[in-house]
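Here is a model to walk through together, one question at a time. Have a look at it first, and then we can compare notes.

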Amino acid sequence: MTTSVCPFSKAARPDDASAARKQADTTPSACPFSKADASARKQGETTASACPFSKSDASARKQGEVASKGCPVNEGRVNKEEDSTTDSATVPAKCPFGYDSQTFKLGPFSCMLCQALLYDSSRCVPCTHVFCKVCVSRFKDCPLCGADVESIEADESLQKMVDQFIEGHARIKRSVVNSTDKEEEVENDNKKVIYADVSMERGSFLVQQAMRAFQAQNYESAKSRLAMCTEDIRDQLKREGNTPELCSQLGAVLGMLGDCSRAMGDSSSAVNHFEESIEFLMKLPMDDLEITHTLSVSLNKIGDLKYYGQDLEAARSYYCRALNVRRDAMKHHPNAPSQILDVAVSLAKVADIDRALQHEDAATDGFKEGMKLLESLKLDSEDSAPLEQRRLSVLEFLKKQVEKPAETAI
């Protein structure tokens, strides 16, 4: 069974040998919810870009073109067995405010700056325009009308409405029951109307809002929405057990929480979230490239944080675990270019630590092994252009390390 994994795995958690490890761990290297290079993992590979709440991997991957706007969400229209009659129709649930999991339309409870649901709603005085507190605090003039901002006041009543709206917007807390109970049939002139089950819509809606907030660097808002998501999924886990789909979803969202904590400078919480993400991802089949990539990147994320904290031995341990995951995956998918690239990057990370620990022979062997893998990898297709660019970048780094030991990090 192929389990969908969250979109932000690859771009959200950059695992690129060209990225500078000297960068402070409080700086997010990229939006964790971006789907950059979505076309780079075609033909049996993966971008780890499917929405954690997607009901269909295939349909999610076909929507890569919406990457710049956010994660495609498909669960609002759950597939049902078609009625044997031709006069039946399926009606998806509609939100009266225009919010749903299929569009990225702003609504009356949205912040015009981060385009996510209001968080810490704050009103500009005297113009009365409302934004998230974090968003508007960066301006001296109202970003909507240009009026001077004399002060910023909390709008608690509006925020209460937003919170109530989130609580009632969708139905993730509705128990999954027998199919006969999941459908509400309405007879109207002998035409049967089946209202679609939208039990997962709340999760994808919250992820969508978190993605927008993170992109606008409103990390508190993103963290709040993702925390709601984890609570909902944990409730489902209690009812249904550790199903692959729920473990995948929770592992993905916990990884997103780790990225938020890291961006906020809370390394300890970031490590805890990544560790728990790994715990749930380890419950899934390791022959799935999406899962193995997400798992290995989470391990490398912790390795990076340990590296920033000058705990080189711990960093090497996590990098080696990620390398082993990727090597095992390459056994299942020996012809997957993305997997070969991932192994080469992990070899570079481990070798870089070995050099820092003054294990020069081991470091040189690791760099050379990575070079050999990349030199044997041929990417001629136009669809492989992003992968080829990354291959050349990593290969150049490895060559420099072999020719002249460098102090620059991966």
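Q: How far does helix H7 reach from its first C-alpha to its last?
A: This is a predicted model, so the values here are computed from it. Helix H7 covers residues 219-240, which is 22 residues. At 1.5 Å a residue, 32 Å would be expected, and the span of H7 is close to that, at 31 Å.

Q: Which residue just after H7 takes a positive phi?
A: H7 covers residues 219-240. Just after H7 comes a residue with a phi of about 85 degrees, and that residue is Gly241.

Q: Which strands stand at the edges of the open sheet?
A: Three strands make up this open sheet, with antiparallel pairing, and their order is S3-S2-S4. An edge strand has a single partner strand, so one side of it is left without a neighbour in the sheet. That describes S3 (130-132) and S4 (151-154).

Q: What is the bridge partner of Ser122 in S3?
A: Strand S2 spans residues 121-125 and runs antiparallel to S3, with three bridges joining the two. For Ser122, the bridge partner in S3 is Phe131.

Q: Are H11 and H12 roughly parallel or roughly antiparallel to each other?
A: H11 (residues 312-332) and H12 (residues 337-356) pack with their axes 9 Å apart, at an angle of about 155 degrees. Angles over 145 degrees count as roughly antiparallel. H11 and H12 are therefore roughly antiparallel.

Q: How many residues of the contact of H11 with H12 are nonpolar?
A: On the H11 side, the residues that meet H12 include Leu312, Tyr319, Leu323 and Met330. Among their counterparts in H12 are Ile340, Val343, Leu347 and Ile353. The contact also has two polar and six charged residues, while the nonpolar ones number 15.

Q: Is the crossing in which H10 passes H11 left-handed or right-handed?
A: The axes of H10 (residues 289-308) and H11 come within 7 Å and cross at roughly 165 degrees. That makes the two helices roughly antiparallel. As H10 passes H11, the crossing is left-handed.

Q: How many charged residues does the contact of H10 with H11 have?
A: By class, this contact has 14 nonpolar and five polar residues. Its charged residues number four.

Conventions
Residues numbered from 1 in each chain as written. Predicted model: local features only at pLDDT ≥ 70, side-chain atom pairs only at ≥ 80, totals over all residues. Heavy atoms only, no water. Helix = DSSP H or I, 4+ residues; strand = E, 2+ residues; numbered from the N terminus. Expected span 1.5 Å × (residues − 1). Pairing = 2+ DSSP bridges. Axes fitted to C-alpha atoms, helices over the stretch in contact; angles between N-to-C directions. Parallel < 35°, antiparallel > 145°, perpendicular 65-115°, else oblique. Contact = heavy atoms within 4.5 Å. Nonpolar A, V, L, I, M, F, W, Y, C, P; charged D, E, K, R; others polar. Left-handed = near helix turned anticlockwise from the far one by under 90°.
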